[in-house]
Amino acid sequence: MVYGSQFTVHSKKSSENFTVNSKLQTPNQFTSEVVIGIECHVELDTKTKLFCSCSTKGNENPNTRVCPICLGHPGSKPVMNKKAFDYAIKLCMALCCKLDTELIFSRKSYFYPDMSKNYQITQFERPLGVGGHIKTTEKLIKLKRIHLEEDPASITYPGEMYSSNYSLLDYNRAGNPLVEIVTEPDIESPKQAREFLNKLILILSYLKIFDINTCIIKADANVSVKESGYSRVEIKNITGFKELERALVYEVTRQKALIKAGRKIERETRSWDSISKTTKKLRTKETEEDYGYIIDPDLCIVDVTKKLTEDLKKEIPELAHQKVERFIKTYKIDPVDAEVMVSEIELADLFEKVSKKANPALTAKWLRRELLRVLNYNNTTIKNIKFGEKELTELITLVDKKTITESTAQKIMEELIQKPFSPKEYVEKNKLAQLSNQAEIEDFCKQAIKENPKALQDYKNGEEKALQYLIGQVMKLTKGKASPEVVNRMIRGLVDGK
Amino acid sequence: MIDDPEEIFAECKKINEKYNYFTEVGQGAGDSNKGMLNGLYITVKDNICVKALDATASSKILKGYMPEFNATAIQRLLNQGATVIGKTVCDEFGFGSFNTNVGLDFKIPKNPVDVTRVTGGSSGGAAGITALANFRHVAIAESTGGSIECPAAFCGVVGFCPTYGLVSRYGLIDYANSLDKIGIMSKKVDEMIPVFNAMIGQTICSDSTVVDQRPKEFKPRKLKVGIIKESLKGMDSHVEKEITRTINALKKIANVEEVNLPFTFKYGIPTYYLIATSEASTNLAKLCGMRYGIQGDVEQKTFNEYFTEIRSANFGEEAKRRIMLGTFARMSGYRDAYYIKATKVRTLIIQEYKKLFQKYDVLISPTMPIVAPKFEEVKKLTPIQNYMMDILTVGPNLAGIPHASIPIHKSGLPVGLMAMTEHLEENKLFHFLKLVEEL
Amino acid sequence: MVEINKELIEKVAKLSNLKLTEEETKKFEKDFKEILNAFKVLDEVDVSKVESSFRPFEERNHLREDIVRESLKDPLAQIKNKENNFFKAPRTV
């Protein structure tokens, strides 16, 4: 991956069909400490591969989902998967790219055991989408291009890669549909890169074209630092957004250290090793690979018609960043809560349904704090819960009206995860309603003070912790049904009054 | 004419011993359906896949490759009751005009009329067996730049190539994807028409290579024929004699005029070879001793070492030359001047044909300017001289128009007349060919 | 005009994954010179207003529905280099 130079090398004199308008940023234009460009490969969630009808999922035994086409048997010919085409168009639209009017594929020739034809069918001259952007909290990350291509096979080794005498090939993955997304060198920190990838994954899951449980997202990154005059290094083989941040932090640190030690940054390709958590040199970048691109004459041209894009646009749901804006505006909730609400589309839907009847700000806080806590603790996800807006609406209304304490509500949430029930009925049945009788609470406070003279003394001496202890004792006595704030006030009143 | 299958197989083996037309005599995994092609025996050029028979494209690197599927065109014929009797030899991957560029360890076929001469290529085996078969037979062959019409002319049979895309290429081992067409050879025009109609139409599986249209209907009428002036230069005396006689006879039954095709004649060869070799070099990249065909010892070496070893040892010289030429033509720095340029010149060539077809029904020329040369003569040719031999055939192949060679000689060595029509006008072409047949 | 020399032939051979003998390299250098010289006529054609033809006769929009079909039952049947249903291949490094 390079900053646009591939286009200028190949298409200086080409007709307009072959030039892609890509703003070539020279190192002179950079000003930030760190400059990062990312190239991600996203596996689309289709049933079949990009050019053949083999299943993309299922039997994990090697070479069980292969056919003459994905094995590249002489005589076989590729045929384009309509679903992958639709998905890619939707993604381009969601990322605000400019769509090409035609779908045209190229052959990228290079020899490697994981390439069953020793060329990859990809889109070089005519990417499906150009331009576009993804919004992160700090800035808008500009995209260069988006295109479709086929995945190579997976290589493993009988032992360690460097010491094995041969390699082992499984072509199950060969031919899987990938979308490649390339950013401009717009990202200014590893943290920003992580957020970028996160936001991309969010868009992909909202569009329902990517299943985070079964599909893979891989990234290559170009990294350079100001100190070196932005001499860039390519890092390959990064899987997932956590590894991306780790790899980038490591590489930036490595480069800065080299400069400090008076050494130069060589233009090279390095590989991220997630086990040793380091980047290792793969090869130097002096010789650019010559891929000898031609248009693939086995695939016919497909028109990207206005009708198709209009139909597909209707299928695009409100996206996460649009929801955030609407939630803040309509429901007047905290922006941080809003960002969390949209992190999963099921959560966003749940929030809205509950907010129809219950207090939205409180709903957002509760879903964010309590629901997610309980889901994490039980190692499950929102997709698996058996209760819904009915139970949550009841629960949050009970909290809002101060019918129950927060502590009681937390316990009810923990129970709901196990099996659904009506919180309202549960509270009535088990007499869990908050203690609202002030006299009763005062009696309990007096009892706690009486039973814990040392704590009382410590509190009088200025130890706040003793007060907390006393409050805790009252909570025990009331079985959690008293409001901690009320008890706090009351004890202070009793003690200070005394 | 013999019609017993056992006898037919035996006859083929006998012919093969003398003439080397087959890479394999055998039936493959065929369906024995009842249909309108029952009793018809077909030979299949060895770059077209037939299940359970090797498909080598006459190359050593594919020895042992047994496809898991029948080519769609073949499957359609089997569905109608045809029987495959063997695979015919060709130039390695189709790289040649004389069928002398067979792969390592393959035998060169000999002309059925004179064994000291070549059959023509690249479908030499197909043309030869078509000429000699004494049983109900058509040959299924393939043309990229003239590989059907040239051997048809040299061997004295009819060789027909349909509109590009009308017959599915699924199952055809690629030479050049934008030029390859599956076609038919037979002794008489009538024999190939039902075979052609059975091969086209609704596809068996999803297919990007096929044009899902039918040839146009043709109501017989007097035809306007254009004889391509540039093609009449440089003929040898025997060819000239036969061509002149045929044109004069044609003038009695059709409106015959001279037409010009200067652009195609000047730029056709480089355009063809640059596009064909560019595509071929990517198609042949997959042949590296993995996944099928010839396999070596993979341990203790890197993949580049292994691939290079297998490829260098198992490709013939012409295959190597075309791979290199094609790789060069699409290299960065040369790609615009060679590969891209050629694809644009191709547009102009197609336009030149289309303009003529606005006025003329059929265009004609000699198929080859010479009769089948002797083996020693061919050996003396340099590569570029070899390529220039395709001067009369690359045009219709680049344009993807239907065309055919029909024998016109009354005596002596075979001579072919080539006829071309617009896209999807096969029925008009067949009508014209039958007229010529009766002259 | 491109310079055809031993270096170029060797570069092309490497890209094609072919190992040529001294003799072959010399021969191909000669062939390239002759062939490309003959092809030089293309330089005189003005294609500034011309679009490429990647197929001579085209039909568009052949797409396949996303429906799973049976895969090969025994893809390694003709394979000599195999291990535990993997294809065995040479080293990558």
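This is a predicted model: local features need pLDDT of at least 70, side-chain atom pairs count only at pLDDT 80 or more; totals for chains, interfaces and linings use all residues.
Ground rules first: residues count from 1 along each chain as its sequence is written, and chains are lettered from A in the order in which they are written. Local features need pLDDT of at least 70 and side-chain atom pairs pLDDT 80 or more, while totals for chains, interfaces and linings use all residues.

**Chain C against chain B**

I looked up the contact (C-beta atoms, placed from the backbone, within 7 Å) and found 39 residues of chain C touching 58 residues of chain B. On the chain C side, α1 (6-15), α2 (22-38) and β2 (86-89) each give two or more residues; helices are DSSP runs of H or I, at least four residues, and strands are E runs of at least two. α2(C) gives the most, with five. I sorted that side by class and got 21 nonpolar, eight polar and ten charged residues. Nonpolar here is Ala, Val, Leu, Ile, Met, Phe, Trp, Tyr, Cys and Pro, charged is Asp, Glu, Lys and Arg, and polar is the others, Gly among them.

**α10 and α11 of chain A**

I checked how α10(A) (389-400) packs on α11(A) (406-418): the angle is about 170°, with axes 10 Å apart. They are therefore roughly antiparallel (over 145 degrees). The contact includes L395(A) and L398(A) from α10(A) and I412(A) and M413(A) from α11(A). Its residues split into seven nonpolar, no polar and two charged.

**α7 of chain B**

I found 19 of the 22 residues of α7(B) buried (20 or more other C-beta atoms within 10 Å of a residue's own).

Definitions and conventions. Two residues are in contact if their C-beta atoms, placed from the backbone, lie within 7 Å. Axes are lines fitted to C-alpha atoms, for helices over the stretch in contact, and angles run from 0 to 180 degrees between N-to-C directions. Angles under 35 degrees count as roughly parallel, over 145 as roughly antiparallel, 65 to 115 as roughly perpendicular and the rest as oblique. A residue is buried if 20 or more other C-beta atoms lie within 10 Å of its own, exposed if 12 or fewer, and partly exposed in between; C-beta atoms are placed from the backbone.
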